[in-house]
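Here are a few notes to read with the model open beside you. Take them one at a time, and find each residue on screen as you go.

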Amino acid sequence: MEEDIKPDIKPVIDETPKEPDDKKTSLCVALKILKKYNLNSTAETLKKEANLTDSAYNTSEHDVNNALNIFKSQGDPSVYENAYITLSKFVETSLDIYKHELSCVLYPVFVHMYLDLVCNRYEAEALRFMNKFGPIQESYYQADIKNLAIITKKEELDDNALISNYKSNEFVVRMSRDTLSLLKRHLKEKKQTVLLDIVQENLFFDVYEGIARNKQQIDAVAGGMIGEGTRQDNKSRVYYGLLKEPDLQTAAATVNLDEDEEETQESEKPKKKKSKSNPLLSKKTKIDPNAPPLDRMPLPQLREIDKKIKVQAVLDSAKRVALNHETLPSICCYTLLNCSNAVNCATISDDATMLAVGMANSRVRVWSLVPQKLRAMKTADQLLDIDLESDDVMHRILDDRSAETTRTLLGHYGPVYQVSFSPDKTLLLSCSEDCTIRLWSLLLWSCVVAYKGSYHPVFDVKFSLHGYYFATASRDRTARLWATDNYQTLRLFAGHFSDVDCCQFHPNSNYIATGSSDRTVRLWDCVTGEQVRLMTGHKGEILTLCFSNEGRVLASAGNDCNVLLWDIAHGHLIAMLTGHNGPIYTITFSRDSTILATGSHDCKIMLWDYSKLLEDLSLDDMNVHNPTVVNNSSKYLLRAFGTKNSPVIHLFFSRRNIMFCVCSFNSPQSN
């Protein structure tokens with residue numbers, strides 16, 4: 001599957017090295033040197049005189065790399081260690097204003113020097129180099145360094161995903177022009193060929209004008225597997241605004257009529273009432289200048305049931321509690337007992353009536369959170385007697401005799417990693433280690449479709465807020481866009497360098513955000529399939545994502561125990577919230593975008609003052625070229641709630657701003 005993701009990746013090392021005495025190989029080496037120094041016209045002349053075609057040049061690329069590696073191996077291996085020591089001393093003795101940016105080159109140079117030593121079969125020298133300089137690298141690179149240290153022989157370099165990433169991609173280092181000039185001057189003065197070649201071939205400098213960044217600014221966005229995202233990665237325009245809401249007055253009349261009939265039946269002397277338009281529904285929403293065109297992404301046409309659901313959501317919002325630093329939300333916590341660490345995920349439907357849980361034993365369980373039980377559809381013979389034109393047809397087709405408090409869905413044959421309700425609650429998606437995504441009917445309580453896009457486990461699945469579309473994140477380093485009525489993938493989002501652990505739809509359904517084990521957050525355009533944002537700053541795997549209700553801010557969290565907030569309009573990190581002591585599994589915003597809630601493996605729920613954070617940041621007035629990152633987390637922490645040895649796996653704000661929490665109790669014996 002990796003060949004499908006990176007079709008242009010060429011093998012780094014040839015399995016059968018040979019001396020570069022072949023005429024064609026020598027010509028290819030000469031051509032590569034000419035192209036390196038931009039002598040393209042000379043290269044074309046040589047190619048014509050030697051009668052060497054492009055295909056022959058491409059097929060000899062393995063021999064070229066092998067020839068260059070053999071040439072390097074004829075040198076002294078101690079050159080690498082001496083060159084690295086010289087570079088480290090240069091960084092340490094530089095002025096403080098440049099020191100922190102210069103230190104960004106130490107890690108990628110260390111990696112490529114180690115790989116060169118292993119490639120040239122200097123195994124003892126490579127081990128000494130790793131033990132001497134590996135521990136002094138930044139803490140957030142230590143996991144990658146441990147994986148590199150396992151590779152000690154040239155034959156082990158083949159088919160290693162991490163090494164393929166380093167060899168096939170340039171490590172991005174963002175530097176001011178003054179800092180880069182200082183580095184170039186040092187490299188020219190020392191005349192160390194090994195160090196100069198590594199910097200020129202394997203590093204990409206994203207140069208900017210202005211004052212060099214300090215250590216705090218660099219650490220905030222450092223940690224990506226292959227460096228920071230470039231400014232060019234975040235140049236595309238993102239339509240982060242919300243779509244205009246449809247006219248709901250007609251559907252509201254039906255809902256009001258049903259309520260009036262119920263009141264009439266309860267009253268002994270009913271009074272004639274004039275139908276009044278609800279001011280909440282008659283209010284016309286303004287067109288957001290940052291919203292995408294309505295026809296940009298083909299969204300499903302609203303059915304009557306969809307309109308009624310939206311009307312009910314608006315009516316519920318009228319009873320919403322206004323939250324602030326003085327009025328904190330009420331929390332309703334559901335704790336799953338006797339699970340023996342078998343719960344992988346949980347989610348609650350948008351109207352807070354159903355709870356779905358994915359288990360490690362390949363089962364999906366659904367509970368009703370309201371007195372109304374879960375009913376199944378009547379038999380085919382019974383459905384023939386139902387008037388399909390009646391207003392309450394959805395109630396009539398369900399059999400009261402089949403009502404149960406909980407139901408179990410069987411079909412997966414591997415641990416279930418994530419579940420997601422459709423907006424109308426008639427469908428449920430689940431993804432599993434068995435490499436499939438299953439679509440379950442909550443009327444039939446059975447699987448209706450099994451989607452398969454790759455031969456790798458699927459870690460996350462999310463329904464679009466508009467229904468019909470859903471997104472998945474997989475171990476094959478890709479995310480995918482699907483439609484419920486299509487067996488094939490609509491869009492394949494490839495670009496991550498490691499497992500894609502989580503995904504999330506933007507509120508306008510035009511974009512999908514993904515978080516990966518390569519410690520980057522990316523934003524993808526569902527229409528074009530292109531990457532429009534690349535954001536670095538996490539120091540560990542990213543496990544959860546959540547967009548703010550207005551669509552401007554994206555929150556991400558994971559194994560590094562930090563919550564990072566991104567302004568997707570420009571792709572900048574705007575805040576880092578710290579306080580948890582364990583991996584963060586879930587993030588959610590309150591319905592009025594005043595509070596941000598986070599839940600962690602440390603058995604704590606933390607509430608953050610998101611409205612105050614936005615006031616202090618003032619996104620519209622922010623300096624695009626040098627944004628300010630908020631690090632004072634204690635200033636915005638409102639309250640921390642602890643559970644009894646129960647890690648928090650899901651948080652959810654209802655339409656009335658009541659917070660629901662799902663935990664899984666871990667008994668001391670199981671630990």
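The points below go from the whole chain to a sheet and then to some aromatic rings.

1. Please keep in mind that this is a predicted model. The chain has 671 residues, and 50% of them count as buried. Its secondary structure comes to 20 helices and 31 strands.

2. Now for contacts and surface. Among contacts in the chain with a separation of 6 or more, 61% are between residues 24 or more positions apart. The accessible surface is about 33000 Å², and carbon and sulfur atoms hold 50% of that.

3. Next, look for an open sheet of four strands, ordered S14-S15-S16-S17 and paired antiparallel. Its edge strands, S14 (458-463) and S17 (491-494), each pair on one side only. From one strand to the next, the twist averages 20°.

4. Within that sheet, S15 (residues 469-474) and S16 (residues 478-483) pair in the antiparallel sense over five bridges.

5. The whole structure holds 18 aromatic pairs. In one of them, phenylalanine 110 and phenylalanine 129 have ring centres 5.5 Å apart and planes at 15°, so the pair is stacked. Phenylalanine 110 belongs to helix H8 (residues 106-119) and phenylalanine 129 to helix H9 (residues 123-133), so the pair ties together parts 19 residues apart in sequence. Both phenylalanine 110 and phenylalanine 129 are buried. Together with Tyr84 and Phe133, Phe110 and Phe129 form one aromatic cluster.

6. Finally, a charge over a ring: the charged end of lysine 539 sits over the ring of tyrosine 140, 5.4 Å from the ring's centre.

Note on methods: Residues are numbered from 1 along each chain as its sequence is written. This is a predicted model: local features need pLDDT of at least 70, side-chain atom pairs count only at pLDDT 80 or more; totals for chains, interfaces and linings use all residues. Side-chain values use heavy atoms; hydrogens and water are left out. Two strands pair if DSSP finds at least two bridges between them. Helices (H or I, at least four residues) and strands (E, at least two) are DSSP runs, numbered from the N terminus. Axes are lines fitted to C-alpha atoms, for helices over the stretch in contact, and angles run from 0 to 180 degrees between N-to-C directions. Buried means under 20% relative accessible area, exposed over 50%, partly exposed in between (1.4 Å probe, protein chains only). Contact means heavy atoms within 4.5 Å. Accessible areas come from the Shrake-Rupley method with a 1.4 Å probe; for residues, only the protein chains shown count as cover. Rings of Phe, Tyr and Trp (its six-membered ring) pair if their centres lie within 6.5 Å; planes under 30 degrees apart count as stacked, over 60 as edge-to-face and the rest as tilted. A charge sits over a ring if NZ of Lys or CZ of Arg is within 6 Å of the ring centre and within 35 degrees of the ring normal.
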